[in-house]
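Student: I've got a protein model open and I'm a bit lost. Could you show me how to read it?

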Amino acid sequence: IMSRNAYDGSGMFGFEVFACNVVCTNQYHDRNRFGYFAIRHDNKEFNIQDALDNLSRGVSNVIAAAPLWSKMRAEPLKIEHIIAAKKETTIPKSMWCDVLDQLALESATVFGLYQALTFVASHNVQGFNAISVGESVSKLLLK
């Protein structure tokens with residue numbers, strides 16, 4: 001669970017649920033699937049139960065995605081997967097060499113491509129851009 005806030009209180013206070021591969025620390029983001037809960041600071045009331053319900057639902061959604069990762073591990077990688085990833089994700093063009101270098105270290109499966117893409121998004125893309133780039137990867141491959 002990621003918690004965030006603007007340092008001056010002007011932005012949204014929020015929680016985001018994401019998955020993290022503990023072996024490589026790749027982050028798997030998908031706000032629509034896993035959940036994001038935000039509340040503005042100027043609201044004097046914070047409904048703790050609503051926050052807990054949203055976070056609980058998000059964690060359940062991560063657990064529900066586990067079979068998708070298993071399915072990706074069983075699906076052989078095809079050139080069409082790589083072409084779609086290049087076209088439909090927001091991995092910066094300048095980082096596709098990094099994706100291919102990482103892909104060479106991964107299994108030749110759709111999950112290997114997911115790992116290579118999320119590795120670059122998690123470790124090479126800077127700041128909050130890493131979250132949106134990682135989310136574009138999950139939106140494409142977590143089907």
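This is a predicted model: local features need pLDDT of at least 70, side-chain atom pairs count only at pLDDT 80 or more; totals for chains, interfaces and linings use all residues.

Student: Does I1 count as buried or exposed?

Tutor: The idea is to look at relative accessibility, where over 50% is exposed and under 20% is buried. I1 has 60%, so I1 counts as exposed. For the whole chain, 42% of the 143 residues count as buried.

Student: What about the overall layout? In what order do the elements of the chain run?

Tutor: Read from the N terminus: β-β-β-β-α-β-α-α-α-α-α. That comes to six helices and five strands. And take the contacts between residues at least 6 apart in sequence: 62% of them join residues at least 24 apart.

Student: Now the inside. Which residues touch the most other members of the largest nonpolar core?

Tutor: First, the general idea: in soluble globular proteins, nonpolar side chains tend to be buried together. Here, the largest nonpolar core has 35 residues, and W69, M72, I91, Y114, L117 and L141 touch the most other members. The elements giving two or more residues to this core are α2 (48–74), α3 (79–88), α4 (96–103), α5 (110–123) and α6 (129–141). α5 gives the most, with eight residues.

Student: Can we zoom in on I91? What does I91 touch, not counting residues up to four places away in sequence?

Tutor: I91 touches W96, V99, L117, V120, V133 and V137.

Student: And how do I read two helices packing together? At roughly what angle do the axes of α2 and α5 cross?

Tutor: You compare the directions of their axes. For α2 and α5 the axes come within 5 Å and cross at roughly 115 degrees, which means α2 is roughly perpendicular to α5. At the contact, W69, M72 and R73 in α2 meet V110, F111 and Y114 in α5. By class, that contact has five nonpolar, no polar and one charged residues.

Key. Residues are numbered from 1 along each chain as its sequence is written. Side-chain values use heavy atoms; hydrogens and water are left out. Helices (H or I, at least four residues) and strands (E, at least two) are DSSP runs, numbered from the N terminus. Buried means under 20% relative accessible area, exposed over 50%, partly exposed in between (1.4 Å probe, protein chains only). Contact means heavy atoms within 4.5 Å. A nonpolar core is a set of buried Ala, Val, Leu, Ile, Met, Phe, Trp, Tyr and Cys residues joined through side-chain atoms within 4.5 Å. Axes are lines fitted to C-alpha atoms, for helices over the stretch in contact, and angles run from 0 to 180 degrees between N-to-C directions. Angles under 35 degrees count as roughly parallel, over 145 as roughly antiparallel, 65 to 115 as roughly perpendicular and the rest as oblique. Ala, Val, Leu, Ile, Met, Phe, Trp, Tyr, Cys and Pro count as nonpolar, Asp, Glu, Lys and Arg as charged, and the others, Gly among them, as polar.
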